[in-house]
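We will go stop by stop.

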Amino acid sequence: MKVEVIGKSVIRKDALDKVTGRAKYTHDYHTVPMLSGKMVISPYGHAKIISMNLSEAWQVPGVRAILAGERFPLTGEAIRDRPPLAVDKVRYHGEPVALVVADTPVQAKKAADLIEVQYELLPVVNSPTQAFQSGAPLVHEHLGEYKKEDDSQPVPGTNIATHIKIRKGDTEKGWAASETVVEASFSFAPSDHAAMETRCATAEIMPDGKIMIMTSSQAPFMVKRLIADYFGEDLGKITVTTPLVGGAYGGKAAVQLEVLAYLASKAVGGKPVKILNPREEDIITSPCHIGLDAVVKLGALRNGKIQVAEIRYLWDGGAYSDKAIDVTRSGAVDCTGPYNIENVWCDSYCMYTNHPYASPFRGFSHSELSFAIERTMDLLAQKLTIDPLQLRYINAIMPGNTTPTRVLLNNSNVGNLRKCIEKVRDLIHWDEGAVKELNNRYIRVKGVSCSWKTSTIDTDAPSGVILTFNRDGTINLMSGVIEIGTGTKTVLAQILAERLKMDVDHIHVRMEVDTQTTPEHWKTVASRGTFMGGRAVLRAAEDVIHQLKEIAACVLRAPKEDLEVANSRVFLRDDPSIGLDFKELASGYKYPNGQTIGGQIIGSGSYILRHLTHLDPETGAGKPGPEWTVAAYGVEIEFDRRDYTYRLVKACTVVDIGKVMNEKAALGQVMGAMSMGLAFAGRETFYFDELGRVMNPQLRTYRPLRYGENPEYVVGFVETPQIDGPYGARGVGEHGLMGMPGALGNALSTAAGVSLHHLPLIPELIWKAKEAAR
């Protein structure tokens with residue numbers, strides 16, 4: 001099928017506003033008056049709250065309310081385990097214990113700084129491995145009493161928030177058949193999303209009880225649902241608005257500041273209140289990027305064919321389970337990486353620790369588990385003396401294989417990993433050799449990895465689209481997808497333009513989402529925006545085509561099946577000169593005598609993923625997502641053998657994207673993700689002290705990649721159409737990131753001559769590993 005708009009590098013609909021500075025984000029909207037909320041946060045990881053003195057804070061002029069010590073309803077998506085403001089004890093460094101509402105931000109901060117809190121320190125759980133040990137201090141003493149979702153399985157009397165099991169095949173048989181076995185442990189601490197825009201939320205409660213919330217969220221419809229659920233509010237009275245969002249990467253999928261803004265507004269009689277995170281609180285108080293301790297054991301034949309995998313993932317969910325339970329489930333679903341392994345035993349645990357609590361991070365557990373799997377794959381290749389890329393090729397998941405949750409794969413629902421491997425082999429010049437000596441001091445080394453991902457989202461997750469025609473024949477497109485910098489809404493316009501065979505510039509996309517007037521889209525996460533929103537657009541397009549033809553058939557006195565829609569016209573298929581422009585039909589057709597038929601054309605379409613199921617609690621069997629996107633990666637570094645520093649030279653990613661929808665947007669998505677992946681692998685982490693305090697909660701000590709540190713980025717695509725995707729497309733927002741930690745870890749392990757098992761991969765870590773090996 002010939003396409004006209006799909007695949008083209010269409011300029012993003014939000015581009016001009018963003019490059020000129022006219023684009024408005026949540027903090028740019030300010031009513032008069034607008035009160036300010038300021039949190040008081042815990043300075044410790046685990047401590048009893050002995051007393052709180054608010055008297056001096058109340059003396060500050062402009063203070064309208066102080067929320068502290070009150071037992072509000074518990075919050076949390078999977079388990080209701082988190083008080084909006086800590087009562088009795090704090091469970092992580094940065095946890096809010098009080099909230100001051102004042103006329104100005106300065107007054108609110110001044111009062112918050114005067115609140116005196118006395119704490120009594122409690123033993124700290126500082127890692128998921130420590131949390132897993134019997135006799136570890138309990139983060140939640142009353143775990144069995146919390147309200148929870150049916151598919152969350154907390155274990156009272158422990159720090160286990162949930163346990164997901166994957167049991168596939170016969171592992172005893174797999175071990176018996178194996179001729180080579182490798183086993184390794186891996187770990188890394190939580191870190192930050194470091195989005196350019198810090199989180200912000202405002203709330204106002206109208207005299208008639210209507211609740212108006214504006215938030216920099218990836219999930220405004222979830223905000224609406226949860227506020228209603230937590231506080232017994234009427235769902236129809238809550239309106240959540242989200243303008244453009246300045247980066248999110250999963251960190252703005254959780255609901256936190258919105259709850260506090262709502263409570264603050266309620267405390268001051270419904271007046272509007274804004275809460276804006278300063279950078280330090282955005283890093284430690286709001287949800288972070290999850291940490292992991294993993295053990296991976298693989299058994300294989302001498303020819304490299306893997307027979308069995310035994311895996312344990314201990315996820316660092318932090319002080320509250322919230323989204324970490326979903327991340328834990330997602331990590332179990334794709335636990336083996338993109339390899340065909342018939343016998344699998346995986347335990348994926350969500351652990352409570354005294355760390356900031358976790359939310360999704362771009363890749364939703366897959367960059368994390370891929371580091372562990374891909375480093376183990378290289379250890380297996382080393383032991384078998386097989387080329388690491390060839391080992392991955394031999395074991396690549398393919399149509400006819402089954403996933404760890406026993407889904408049978410076919411030519412549509414899984415990409416072509418072998419093609420990705422072949423393409424990355426060329427792009428990284430793998431056959432020229434993985435190691436190149438430059439001189440006595442410097443060496444150039446390449447590392448490779450692979451990844452895959454399905455989207456473990458709610459089985460009833462919806463996406464809707466509304467199309468309205470303007471009198472000039474142009475179309476307004478409304479979707480609940482949030483524009484978080486991905487360009488998804490531009491791609492939706494391209495899908496509509498392609499189906500209607502019209503100029504994409506004649507489609508106007510509404511960027512702002514308003515839950516009262518915008519059709520629902522579950523959440524803008526999991527690389528699902530294009531797939532789900534695109535399917536909804538195609539249904540809405542069919543709706544308007546039907547309406548256009550209905551009116552045109554009357555006017556042209558021709559049956560509908562003889563009509564064609566293209567170039568903003570409806571015309572006879574066999575004689576295109578006989579037809580009508582959209583502008584003649586958009587608001588009803590008016591005859592010369594004034595009589596009118598039809599009316600404004602308003603089209604709608606919705607989509608819900610089909611055939612998804614929950615996982616069997618004992619075996620993990622089930623269909624968690626619609627398709628598996630696969631990718632292969634290569635990283636080249638220049639390593640200094642004297643001081644263990646290194647320079648990133650080149651990074652390659654090849655993704656089976658199904659169908660490239662917008663070439664430059666796809667390239668930008670993948671390159672941006674690669675940069676994040678290299679930063680997560682090589683720079684970014686929280687450093688905790690013995691009291692569970694984050695020692696680097698500012699951007700001057702928390703280290704993303706800086707200007708000049710990025711390598712050359714090379715991106716390639718493979719196109720294996722997903723039949724039920726819009727024009728065959730798969731999601732690609734996360735996939736550039738997922739294999740970067742594994743590829744960098746493999747390159748550095750080869751360069752340093754020592755196996756590296758921890759992130760971030762800084763020179764000090766390499767030096768310590770070398771010293772330990774000696």
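At what angle do the axes of helix α10 and helix α11 cross? Select residues 366–384 for α10 and 388–395 for α11: their axes come within 9 Å and cross at roughly 110°. That makes α10 roughly perpendicular to α11, a label for angles of 65 to 115 degrees. Axes here are lines fitted to C-alpha atoms over the stretch in contact, with angles running from 0 to 180 degrees between N-to-C directions; helices are DSSP runs (H or I, at least four residues), numbered from the N terminus.

A note before moving on: this is a predicted model, where local features need pLDDT of at least 70, side-chain atom pairs count only at pLDDT 80 or more, and totals for chains, interfaces and linings use all residues. Residues are numbered from 1 along each chain as its sequence is written, and side-chain values use heavy atoms, leaving out hydrogens and water.

Now show side chains: E374, M377, D378, L380, A381 and L384 of α10 meet P388, L391 and R392 of α11, contact meaning heavy atoms within 4.5 Å.

Next, pick L260 in helix α7 (residues 257–267). L260 counts as buried at 2% relative accessibility (buried is under 20% relative accessible area, with a 1.4 Å probe and protein chains only). Beyond its neighbours within four places in sequence, L260 touches M39, P84, L85, L99 and I275.

The whole structure has 0 disulfides, pairs of cysteine sulfur atoms within 2.5 Å. Select C335, buried at 0% relative accessibility: its closest cysteine sulfur, in C346, is 4.0 Å away, too far for a bond.

Conventions. Helix = DSSP H or I, 4+ residues; strand = E, 2+ residues; numbered from the N terminus. Parallel < 35°, antiparallel > 145°, perpendicular 65-115°, else oblique. Buried < 20%, exposed > 50% of the residue type's maximum accessible area, 1.4 Å probe, protein only.
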